[in-house]
Amino acid sequence: MALEIKNIEGVICLKGAVSSSHITEVVNFFKGLIAIESRVIVNFCDVTSNQKSLLREFIKIENNLTDDHEFLFYGATPDDAVQLYKEINNTQNFYSTAA
């Protein structure tokens with residue numbers, strides 16, 4: 001599936017595959033958006049390929065922002081989600097024992 005970019009109530013949602021040759025285009029899109037918007041929120045949970053490469057580029061963008069701009073992004077690879085699920089359900093986790 002090609003990459004879809006949708007604005008859903010102020011959150012830019014990415015869905016589909018990001019080819020390695022298109023990462024630069026996606027990054028430039030967000031750089032341009034940040035130039036005109038002071039706050040940009042991105043959900044890239046549904047990116048099916050090159051999610052880690054995209055994450056590295058998003059971190060670079062975030063690190064180069066001025067104080068008057070905000071770039072928030074979130075996503076999870078299946079491996080990260082499995083690890084998080086294990087941590088949440090760990091009996092040694094005091095949050096789970098309090099519930």
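Biologist: Among contacts in the chain between residues at least 6 apart in sequence, what percentage join residues at least 24 apart?

Modeller: With contact taken as heavy atoms within 4.5 Å, the share is 60% of the contacts between residues at least 6 apart in sequence. This is a predicted model, in which local features need pLDDT of at least 70 and side-chain atom pairs count only at pLDDT 80 or more, while totals for chains, interfaces and linings use all residues. Residues are numbered from 1 along each chain as its sequence is written, and side-chain values use heavy atoms, with hydrogens and water left out.

Biologist: What pattern does the chain follow along the sequence?

Modeller: The pattern is β-β-α-β-α-β-α-α, with four helices and four strands in the chain; helices (H or I, at least four residues) and strands (E, at least two) are DSSP runs, numbered from the N terminus.

Biologist: Why are Arg39 and Glu70 called a salt bridge?

Modeller: The term requires a side-chain nitrogen of Lys or Arg within 4 Å of a carboxyl oxygen of Asp or Glu, and the closest N and O atoms of Arg39 and Glu70 are 3.0 Å apart, so the pair qualifies. Arg39 lies in strand 3 and Glu70 in strand 4, so the pair ties together parts that are 31 residues apart in sequence.

Biologist: What makes Arg39 count as partly exposed?

Modeller: Buried means under 20% relative accessible area and exposed over 50%, with partly exposed in between (1.4 Å probe, protein chains only); Arg39 has 48%, so it is partly exposed. Glu70, at 35% relative accessibility, is therefore partly exposed as well.

Biologist: Which residues touch the most other members of the largest nonpolar core?

Modeller: A nonpolar core is a set of buried Ala, Val, Leu, Ile, Met, Phe, Trp, Tyr and Cys residues joined through side-chain atoms within 4.5 Å. Of the 18 residues in the largest one, Leu14, Phe30, Val40, Val42, Leu54, Phe58 and Phe71 touch the most other members. Helix 1 gives the most to this core, with six residues.

Biologist: Which residues is Phe30 in contact with, leaving aside its neighbours within four places in sequence?

Modeller: Phe30 is in contact with Ile12, Leu14, Val40, Val42, Phe58, Ile61 and Phe71, those neighbours being left aside.
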